[in-house]
Amino acid sequence: MADIIQLLPDNIANQIAAGEVIQRPASAVKELLENAADAGATEIKLLVTDAGKALVQVIDNGKGMSETDARMAFERHATSKIRNIDDLFHIRTMGFRGEALASIAAVAQVSVKTRRPEDELGTLLEIENSEVLKQEPCACAAGTNISMKNLFFNVPARRNFLKSNAAEMRHIVDEFVRVAMAFPGIFFSLTHNGQEVFHLEAGNHKQRVIQVLGNSYQTKLVSVKEDTDYMNIHGFVGKPDTARKTRGDQYFFVNNRFIKSAYLNHAVNSAFEGMIAKDSFPGYVLYIDLDPSQVDINVHPTKQEIKFEDEKIIYAFVQAAVKHALAQFSIAPSLDFTLNPEIQGLDAVSKPFTEEKKDAAVSSSLYKTFTQKNQAHFIERSEKQSGELKHWREFFTPQDAGRDVQKSVPGLPAQAQLQTETGSSFSKEGLRVLPDSPLLQLHNTYIIASTNSGFLLVHQQLAHERILYERYGVAAHGQSAATQQSLFPVMLETTASDAALLSELIPDLQMIGYQVEPFGNNSFVIQGIPADVLPGNEKHSIELLLEQFKHFSSDIKFSRREKLVRCMARQQAIKAGQALTQKEMLALVEELFTCQTSNVTPTGSPTYLEFKEDYLDRMFGK
Ligand code: ADP
Ligand code: MG
């Protein structure tokens, strides 16, 4: 038998290696922008076509390359940034692995024009599939102009893995924004299909952050700044009242490199503990600088994950710096506290949380009101809570007699309507809720309803989630849901990546009753909202929807619309902890039993438990 091992041809080996660095158009964007920044450019323009699938082009006015360097740059492990292993521990440049250009040239058609300012003529180079097709002198501007066309033209399997243009564009915007925030002194622009999406004049960090996150941040940022011998931190956190339901605006830069770190994220969140609601996220843009020898950036091919020599110190430092900043600006409760003494005396408020304390505090109802109100007492009166309350009332007040509830509720399954009209709205599978006996609410969460054979314990939130799920579901699959036009259209500013997602969702949102229109520059106008979302809650409701949708979005079991319907139902459901009147409880229970499936939520939690008399009897030994 012949021997079977062969060396892979260079171009195939390169394609495989490229997979680590270049996964999608956005990976090329990141690498090319970083190269331009490393080259000392003061102006960097990014142009993309078809979300980068057709073209990613970066034009910089940096130091350019000589003819030989231009050719060398595309060899694997060719870099001007380190010479020996020691250099790796003093890295101040973004690149150093010498892989990016080689990878890009292995999986796309690349052309470069580059000229050093001191040279008269520049170089034109065309490479595809790792092969140089053309190399010749050319007249061009000083700096580098590099185009990557038809990514994965020679690896169709990987091209097929690319997502929709909207999704790929979201990734590109994410990468663009990260590099732009790291280098506020550089002018950046991003043009997509001929339209300029970002135009960021050079400025300081604060100006750049506001350019990127939106003008509304102008008055909402608290500066963070601490310098020590070991490390420095500077940047901004959003005031607690700007905490959002979406995780969007959270950025960490270590030595100017954007990194993802759940650990450091936790440090910031913990500094906000007690100041924002549990399910919301503080915005922040924080820049940490420390001796490069204290960080290992080489643990990940795209360098987004790094290792710290001493993680715990960094954690404590970040947490303390943010706490300090919040306290200085009189935002921390310890400094600006005008709560009533009863709440103030609560351990949960006055002392840092330990686990036991947390348990004890959570079970106290005072704590509940406290956290649920987003601690608005001392920050800013939140309209959200009272808004939801009103919404809940409005939802129920039109129904004088419980029986009529379905008439005011569009989109109920026809079958359910029928069942109601035959007078058995309260019964399901042999179960009969006694219509005349009063309902009892327990802990503002459970409703006890007597039945012919025992009683039901209904979970108000889960039950309502089921009801809304069916209502929105009908809307999403039939004609669109009723929309209430906003009297004053509401502006919504989002992060760039949320903007891309929202644009993608607009048609589906319309089906469930939202009218949202793009307004350019990551802004949207909300023209209308579903009939049962309370006006005034437009922004919050869409932000929440986006956040929930993102959590869902890796789930391929469900269509986009199904995901939206599920998110909406969860979001709009009346919450546990909400006091209900008799009428409201009645309507809720009644409507639950008109659902096609009444006993579980869309995710499978029970909506009610049934306790039968004979079972109860047995429990009492009778
Ligand atoms: P790395 O950035 O890790 O060194 P790359 O493959 O990204 O590796 O780039 C290889 C080399 O090409 C760089 O080290 C640099 O010398 C040169 N280079 C790349 N892009 C540019 C640019 N825009 N301007 C000047 N030189 C560049
Ligand atoms: Mg590079």
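Reader: What makes the pair formed by Asp-60 and ligand 1 a polar contact?

Author: A polar contact is a pair of N or O atoms within 3.5 Å; within protein, one must be able to donate a hydrogen and the other to accept it, and residues adjacent in sequence count only if both atoms are side-chain atoms. Here a polar side-chain atom of Asp-60 sits 2.9 Å from a nitrogen atom of the ligand, so the pair falls within the 3.5 Å limit. Mind that this is a predicted model, where local features need pLDDT of at least 70, side-chain atom pairs count only at pLDDT 80 or more, and totals for chains, interfaces and linings use all residues. Residues are numbered from 1 along each chain as written, chains are lettered from A and ligands numbered from 1 in the order written, and side-chain values use heavy atoms, without hydrogens and water.

Reader: Which backbone atoms come up against oxygen atoms of ligand 1?

Author: A backbone N or O atom of Gly-98 is 2.8 Å from a ligand oxygen, and one of Ala-100 is 3.3 Å from a ligand oxygen. The protein covers 92% of the 530 Å² of accessible area (Shrake-Rupley method, 1.4 Å probe) that ligand 1 has on its own.

Reader: How do you know which residues surround ligand 1?

Author: The test for being near is a heavy atom within 4 Å. That picks out 18 residues, and the closest are Thr-79, Ser-80, Lys-81, Phe-96 and Gly-98. This shell divides into seven nonpolar, seven polar and four charged residues, with Gly counted as polar and Asp, Glu, Lys and Arg as charged.

Reader: What describes the packing of α16 and α19?

Author: Two packed helices are described by the angle between their axes and the distance between the axes. For α16 (residues 460-477) and α19 (residues 560-572), the axes come within 8 Å and cross at roughly 145°. Among the residues making the contact (heavy atoms within 4.5 Å) are Leu-468 and Tyr-472 of α16 and Val-565 and Met-568 of α19.

Reader: What makes Asn-129 and Asn-256 stand out?

Author: Phi is positive in both, though neither is glycine: near 50° for Asn-129 and near 70° for Asn-256. Asn-129 is in the loop between β4 and β5, while Asn-256 lies in the loop between β11 and β12.

Conventions:
Axes fitted to C-alpha atoms, helices over the stretch in contact; angles between N-to-C directions. Helix = DSSP H or I, 4+ residues; strand = E, 2+ residues; numbered from the N terminus.
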